[in-house]
Amino acid sequence: VKSAPKRPYLFAWRAEARRRLGDLKGARADTKRALSLDPRHGVAWTTLAAIERAQGHLAASLVAARRAAVTTPTYENAFLEAARTCRAQGDTAGSLTWLERAARRSSRLGWASRGEGSAAPAPDPETLLRDAPWRGRLLAWCGEALLSRGESARALARLDEALVATPRFLWAHAWRGEALRALGN
């Protein structure tokens, strides 16, 4: 940041690092700086959404996540933040809708990418929650959310449950490793 103070992506990524370390005040300042340099910066809006959710401002979180999704429609993490916020609001159907949108943008999320222009119908949320692969992925993302809040023991339990349903979902294994490391193992 010192060597290139006019580059918004540096502030945006430092904000994300600060957020993950629990420095929400510093993260907020960095997102503000990034957005002053580039009001369309998707990482900054996504990080702001996560900050707002962490501070219990769910409506503001959803606004920021939507802004990120509109300004940077190829950045799947914007859609994941919207899904996390919907889940925090108790809106399971909304969360699944945002997860589906995120999955269309990236196959790394565990779903096969169907491409943005897919005409496939939206899946029924109740069916998805009973389906083992989807349930496993949802449980894994719940575990990742717990991990990001520092609730490592709860995250580990959720990730173990996810791996029973979907043993080959690699992100669940990675997050389980992070949870174990955080617990000293």
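The largest share of the lining of the largest pocket, 8 residues, is supplied by α8, where helices (H or I, at least four residues) and strands (E, at least two) are DSSP runs numbered from the N terminus. The model is a predicted one, in which local features need pLDDT of at least 70 and side-chain atom pairs count only at pLDDT 80 or more, while totals for chains, interfaces and linings use all residues. Residues are numbered from 1 along each chain as its sequence is written, and side-chain values use heavy atoms, with hydrogens and water left out.

A pocket, on a 1 Å grid over the protein atoms alone, is an open set of points with protein on both sides within 12 Å along at least five of seven lines, whereas a cavity is a set of points where a 1.4 Å probe fits but cannot get out; in either case the lining residues have an atom within 4 Å of a point. Grid points are joined across faces, edges and corners, and a volume is the space filled by probe spheres set on the points. By this account the largest pocket has a volume of about 620 Å³, and of the 29 residues that line it, R84, R87, C142, A145 and R149 lie nearest its centre. At least two lining residues come from each of α3, α5, α6 (92–105), α8 and α9 (152–165). Sorted by class, the lining of this pocket holds 15 nonpolar, 5 polar and 9 charged residues, where Ala, Val, Leu, Ile, Met, Phe, Trp, Tyr, Cys and Pro count as nonpolar, Asp, Glu, Lys and Arg as charged, and the others, Gly among them, as polar.

The second largest pocket has a volume of about 410 Å³. Of the 23 residues lining the second largest pocket, E16, R19, R20, R84 and E144 are the closest to its centre, and the elements that give two or more residues to this lining are α1, α3, α5, α8 and α10 (170–182). Its lining divides into 9 nonpolar, 5 polar and 9 charged residues.

What of enclosed space? The count comes to 1 cavity of 30 Å³ or more, and about 30 Å³ of space lies in the largest cavity. R19, R20, R53, E81, R84, E144, A145 and S148 line this largest cavity, with two or more of the lining residues coming from each of α1 (8–20), α5 and α8 (132–148). The most, 3 residues, is given by α8, and by class the lining has 1 nonpolar, 1 polar and 6 charged residues.

Helix α5 (residues 76–88) has 13 residues and reaches 19 Å from its first C-alpha to its last, close to the expected 18 Å, a span that is taken as 1.5 Å times one less than the number of residues. Because 10 of its 13 residues are buried, α5 is largely enclosed by the rest of the structure; buried here means under 20% relative accessible area, with exposed over 50% and partly exposed in between (1.4 Å probe, protein chains only). Among the buried residues of α5 are E81, R84 and C86. C86 counts as buried because its relative accessibility is 3%, and C142 likewise counts as buried, at 11%. A search of the whole structure finds 0 disulfides, a disulfide being a pair of cysteine sulfur atoms within 2.5 Å. After α5 comes G90, whose phi is positive, near 85°.

Helix α3 also has 13 residues, and it reaches 18 Å from first C-alpha to last, close to the 18 Å expected. It is mostly covered, with 12 of its 13 residues buried, and the elements covering these buried residues include α1, α2, α4 (58–71) and α5. Within α3 (residues 42–54) is T46, which is buried, with a relative accessible area of 6%. Apart from neighbours within four places in sequence, T46 is in contact (heavy atoms within 4.5 Å) with A68, Y75, N77, A78 and E81. Just after α3, G56 takes a positive phi of about 85°.

In helix α2 (residues 24–37) the reader will find D30, which is buried at a relative accessible area of 3%. Leaving aside its neighbours within four places in sequence, D30 is in contact with F11, R14, A15 and R18.
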